[in-house]
Amino acid sequence: MNYTGVREVEVVVIGGYFAAYERRFGLRVHRPVSVTAVREAGDGRLRVETSQRTYAARAVINATGTWDRPFWPRFPGQEDFRGRQLHSARYRGPEGFRGARVVVVGGGTSAVQQLLEIAPVAAATTWVTRRPPVFRTGPFGADEGRAAVALVAERVRQGLPPRSVVSVTGLPMTEAVRQARESGVLTRLPLFDRVTPDGVAWDDGRTVEYATGFRAAVDHLAPLRLREPGGGIRMAGTRAVRDPRVHLVGYGPSAGTIGANRAGRAAVQEIRQLPAGPPDADVPGPRPADGLVGGGGYAAGAAAVSLTGTRPSSHARSWA
């Protein structure tokens with residue numbers, strides 16, 4: 001089963017879709033732009049510092065998602081491992097694992113998909129997870145999707161870090177997964193205690209591959225001190241409770257396509273209720289804007305379209 005080819009197609013198809021989306025709605029996306037920090041401007045607005053210029057905004061929609069922050073777990077002895085270690089975000093196909101002994105670490109969809117692809121060419125594979133995986137055998141329709149979103153939303157309302165998507169959706173039991181379980185490829189072992197120079201705790205010289213998920217890319221919001229003692233950002237809808245000018249889309253319940261578009265629209269509806277701001281202009285210092293949308297995914301696009309739908313496009317900016 002070749003998932004690599006599927007990803008290559010997705011890159012082309014999704015890239016083309018976003019390009020057409022921008023043309024259709026006349027979105028003025030500024031790229032490439034990296035946001036380095038969002039700070040208090042001191043006049044009731046937020047100061048958004050980027051690699052290109054600085055903006056002043058009365059509201060920010062942060063739609064940066066998780067893909068830029070692959071999560072690397074730490075294990076004793078990891079720095080002494082003589083083999084290859086990589087995260088699933090850098091996976092480019094099974095050929096690099098031909099003839100190798102591979103340990104795949106992680107219980108999410110990426111781990112399962114890549115394990116199914118690597119197993120036919122590797123000398124041996126081992127699947128390791130922190131918790132026993134839960135496979136979903138029933139349908140996953142709109143009702144199941146809303147229930148999953150509700151579970152994640154409850155955590156972020158409490159200010160707790162969002163859990164992985166698969167923790168609330170389960171792993172889909174496809175025909176390929178069923179066959180892999182029967183053949184032993186998806187026989188799971190508990191997480192090892194340490195990494196040795198030649199492998200993991202079983203000391204058999206395996207390659208270690210991490211498919212351990214991602215974390216929300218919100219480091220640029222650190223100056224606003226949005227996090228709660230539990231480590232997460234407490235949310236009320238899409239708003240950060242500690243600073244209601246900041247809306248997080250692609251965080252928590254809107255991290256997947258199930259809730260992203262709905263959250264983008266909800267954030268914009270709140271921003272539209274703000275009093276009219278100053279007209280956009282090239283002025284010394286921060287450039288004013290009614291709303292800034294940060295990110296390059298579905299939610300960012302939906303939010304940018306909503307912002308420009310009833311106001312001049314100069315009052316909404318999006319970066320990618």
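How do the residues of the lining of the second largest cavity divide into nonpolar, polar and charged?

1. The model is a predicted one. Its largest nonpolar core has 20 residues. Val102, Val112, Leu116, Trp127 and Leu186 are the residues with the most contacts inside this core. At least two residues of the core come from each of β7 (101-105), α2 (109-118) and α5 (175-183). Of the elements, α2 gives the most, with five residues.

2. Another core, of 19 residues, lies apart from the largest one. Val48, Val156, Leu226 and Met235 are among its members. As a general point, nonpolar side chains in soluble globular proteins tend to be buried together.

3. Helix α3 spans residues 142-157, 16 residues in total. From its first C-alpha to its last it reaches 22 Å, close to the 22 Å expected at 1.5 Å a residue. The buried residues in α3 are Gly145, Ala148, Val149, Val152, Ala153, Arg155 and Val156. Seen down the helix axis, these buried residues fall within an arc of 155°, so they line one face of α3.

4. Asp143 and Leu151 are exposed, and they sit on the face of α3 turned away from its buried side. After α3 comes Gly159, which has a positive phi, near 80°.

5. Two places in the backbone should be read against a general rule: most residues other than glycine have a negative phi, and most peptide bonds are trans. The peptide bond from Arg31 to Pro32 is cis, with omega near -5°. Pro32 is placed in the loop between β1 (29-30) and β2 (35-40).

6. The other place is Arg225, which is not a glycine but has a positive phi of about 55°. Arg225 belongs to the loop between β14 (207-210) and β15 (235-236). Is Arg225 buried or exposed? Arg225 is exposed, because its relative accessible area is 67%, and the cut-off for exposed is over 50%.

7. Searching the whole structure gives two cavities of 30 Å³ or more. To return to the opening question, the lining of the second largest cavity has six nonpolar residues, four polar and no charged.

Notes: Residues are numbered from 1 along each chain as its sequence is written. This is a predicted model: local features need pLDDT of at least 70, side-chain atom pairs count only at pLDDT 80 or more; totals for chains, interfaces and linings use all residues. Side-chain values use heavy atoms; hydrogens and water are left out. A nonpolar core is a set of buried Ala, Val, Leu, Ile, Met, Phe, Trp, Tyr and Cys residues joined through side-chain atoms within 4.5 Å. Buried means under 20% relative accessible area, exposed over 50%, partly exposed in between (1.4 Å probe, protein chains only). Helices (H or I, at least four residues) and strands (E, at least two) are DSSP runs, numbered from the N terminus. The expected span of a helix is 1.5 Å times one less than its number of residues. The arc is that of the directions from the helix axis to the C-beta atoms. On a 1 Å grid over the protein atoms alone, a cavity is a set of points where a 1.4 Å probe fits but cannot get out, and a pocket is an open set with protein on both sides within 12 Å along at least five of seven lines; lining residues have an atom within 4 Å of a point. Grid points are joined across faces, edges and corners, and a volume is the space filled by probe spheres set on the points. Ala, Val, Leu, Ile, Met, Phe, Trp, Tyr, Cys and Pro count as nonpolar, Asp, Glu, Lys and Arg as charged, and the others, Gly among them, as polar.
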